Amino acid sequence: MRFPKTLPLGIRRPTVRPPVLPGISTGSMTSFLSMALWAGFWVLALLTLLSVLAFIFIVFAPLGPLGLTATSDDGGTSVPIPRAYFLFGVGAFAAYFAGFALILRHLRAMVRSLRRGDPFEPANVTRLKQVGLTLALVTGGSWIGQTLVSQFVRGAMKAPSLFDLVTPTFSILVVIVLSQVFREGSRLRREAELTI
């Protein structure tokens, strides 16, 4: 049974609309995402700067012998660290933070293009490829660094296995596939512009 749109005496039938939740629209989600990426980028940029300053300080400051103590269930292992190894570690942290800051920078640019209503611009294809490459470098560098540290402390810390690379590798493959999707979207957009 259907009700008429107007009731007798010209009264319109009330329409029932679902409630609108505040802050759930696409625009507010992209705004929130943009702010989160902005904050994350500057936190990582600050950590990168602090790591670089620590690196420079270690290079030029006269420091005594440095040591590392790795604890385990059966006690601990104390290992003297040459300055070059310590510089390598601080430099690795700086590269790690800088890599993720670069990824967030590209993601911020992609969110800006989304907010402009043009997510399939050709520059986003390049940005996604650079995100995938940076992820691969950061993941590989982190795994190699953990392996070197585990060898350096002589068994007091467990070396990472190849299984630890499964999830990061999957993430890198997802980014590579998305870059190809964006490349196809950019091509279709270009063809649509030429036919209009």
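Which residues of H4 are buried? In the predicted model, where local features require pLDDT of at least 70 and side-chain atom pairs pLDDT 80 or more, totals for chains, interfaces and linings use all residues. Residues are numbered from 1 along each chain as its sequence is written, and side-chain values use heavy atoms, without hydrogens and water.

Helix H4 covers residues 166–195; helices are DSSP runs of H or I with at least four residues, numbered from the N terminus. Its 30 residues, at 1.5 Å a residue, should span 44 Å, in agreement with the 44 Å that separates the end C-alpha atoms. The expected span is 1.5 Å times one less than the number of residues. The buried residues of H4 are Ile172, Val175, Ser179, Phe182, Gly185 and Ser186, where buried denotes under 20% relative accessible area, exposed over 50%, and partly exposed the range in between (1.4 Å probe, protein chains only).

Ile172 is also in contact with threonine 139, as are Leu165 and Pro168, neighbours within four places in sequence being left aside; contact means heavy atoms within 4.5 Å. Threonine 139 lies in helix H3 (residues 122–152) and is buried, because its relative accessible area is 17%. Threonine 147 is likewise found in helix H3. The side chain of threonine 147 reaches the backbone oxygen of tryptophan 143 at 2.8 Å. Between threonine 147 and serine 161, 14 residues apart in sequence, the C-alpha to C-alpha separation is 8.7 Å.

Side chains of opposite charge can pair when their charged atoms come close. The whole structure contains 5 salt bridges, each defined as a side-chain nitrogen of Lys or Arg within 4 Å of a carboxyl oxygen of Asp or Glu. One of them joins aspartate 118 to arginine 189, with the closest N and O atoms 2.6 Å apart. This pair links distant parts of the chain, 71 residues apart: aspartate 118 is in the loop between helix H2 (83–115) and H3, and arginine 189 is in helix H4. Arginine 189 counts as partly exposed, at 24% relative accessibility.

Within helix H4, arginine 187 and glutamate 191 are 4 residues apart, about one turn of the helix, and their side chains form a salt bridge (2.4 Å, N to O). Both are partly exposed, with relative accessible areas of 30% for arginine 187 and 39% for glutamate 191. By contrast, the salt bridge between glutamate 121 and arginine 127 (3.0 Å, N to O) involves two buried residues, at 12% for glutamate 121 and 19% for arginine 127. Arg116, Glu121 and Arg127 are linked in a network of salt bridges.

Conventions:
Helices (H or I, at least four residues) and strands (E, at least two) are DSSP runs, numbered from the N terminus. A polar contact is a pair of N or O atoms within 3.5 Å; within protein, one must be able to donate a hydrogen and the other to accept it, and residues adjacent in sequence count only if both atoms are side-chain atoms.
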